[in-house]
Amino acid sequence: MSAIGTVLVTGGTGQTGRIVTDLLHRRGVNVVVASRHHPGERLPAGVRHVRFDWADVATHEEALRDVDSIYLLPPPLDPDPVDVVDGFLRRAVGAGVRRAVLLNSSAFPLCAPGLHAVRLTVQQMPEWSVLLASGFMQNFLGTHPTAVAVREHHEIVAAAGNGRMGWVDAADVAAVAAELLTRADHDSREHVLTGPEALSYDNLAAAIAAEWELPVGYRPVTAAERAAQLVDAGLPPTFVDALVGADVLTASGAEDRVTTEVAQLVGRDATSFADLLHRHAPRAAMTTTPEV
Ligand SMILES: NC(=O)c1ccc[n+]([C@@H]2O[C@H](COP(=O)([O-])OP(=O)(O)OC[C@H]3O[C@@H](n4cnc5c(N)ncnc54)[C@H](OP(=O)(O)O)[C@@H]3O)[C@@H](O)[C@H]2O)c1
């Protein structure tokens, strides 16, 4: 077994968590997958699953038993998760956990104060990392509402104007997390994670149209129109504020940047949007499983 000890992967059945689990398991690290539902046969042989619900603190103690490090995915769709995450991390420190790697969004600091604050909470750990990820390229694959609109209506709708963002492959984010969870020479800091180029929604639509031969276009809308659409789609209004805030931030140019963190930490180039599309024919795009 690895000298790294045991890593608890919260959200371990989700998009990034599944890949973090696989990568750690392949490195010989002892992994415990935490989520509300057991993943069944998708759990790699030899990996333990623990039932864990952010909303049920009675499940937290068992999840933290004999754990050394945590991949930390705050409660999804909760716009103000500070108290529950803070309580969990206090318990983790008390239980002897040393390191936590938090998944966060690069847009949240300015558009979602509650989600921003979680970044400070994680700094109570003896060793910590915050992953400030740009928009996931996987939003254009599988069952994500953006992907469904692309396939069914041939349009991308956003309130981001002509703003560009450094879209990142969720698998690259997971690879960075796995690296930071296992590095011996840990440097506690934030990492802004992007893909190799900043792309506008027009650029994204053109790339999809070319690769998948679909007549996809971008339809810019106002922030109010976008918010109404997302509320109609069933998202909680407070979380809609954060999502639309990210669009507005993108329109302002604040997300128009690329970093080299993925290449520096993982030792290979970050995946480009064109590469991702190429790997996923429209039919294959129905799956939500990013490649490792
Ligand atoms: N999409 C983007 O563009 C983007 C960009 C930057 C950052 N992010 C961040 O990425 C995060 C999502 O990560 P992801 O895509 O890897 O996850 P995901 O695919 O959305 O999966 C969510 C995971 O959390 C678990 N979960 C849901 N509710 C839970 C609860 N109440 N208690 C415990 N576990 C729970 C789910 O399993 P169960 O349902 O079985 O519990 C699942 O394992 C978001 O928080 C977002 O802030 C997203």
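Are Phe140 and Phe273 buried or exposed?

1. Both Phe140 and Phe273 are buried (under 20% relative accessible area, with exposed over 50% and partly exposed in between; 1.4 Å probe, protein chains only). The model is predicted, so local features need pLDDT of at least 70 and side-chain atom pairs count only at pLDDT 80 or more, while totals for chains, interfaces and linings use all residues. Residues are numbered from 1 along each chain as its sequence is written, and side-chain values use heavy atoms, without hydrogens and water.

2. The structure contains 7 aromatic pairs (Phe, Tyr or six-membered Trp rings with centres within 6.5 Å; planes under 30 degrees apart are stacked, over 60 edge-to-face, the rest tilted). Phe140 and Phe273 pair edge-to-face, at 5.5 Å centre to centre and 70 degrees between the planes. Phe140 lies in the loop between strand S6 (127-133) and helix H6 (145-153) and Phe273 in helix H12 (residues 273-279), so the pair ties together parts 133 residues apart in sequence (helices, H or I, of at least four residues and strands, E, of at least two are DSSP runs numbered from the N terminus).

3. Tyr201 and Tyr218 form a stacked pair, 5.3 Å centre to centre with 25 degrees between the planes. Tyr201 is buried, at a relative accessible area of 9%, and Tyr218 is buried at 11%.

4. One aromatic cluster is formed by Phe140, Trp167, Tyr201, Tyr218 and Phe273.

5. Polar side-chain atoms lie 2.6 Å (Thr16), 2.8 Å (Arg36) and 3.0 Å (Asn139) from an oxygen atom of the ligand.

How values were computed:
Polar contact = N/O pair within 3.5 Å; in protein donor to acceptor, adjacent residues only side chain to side chain.
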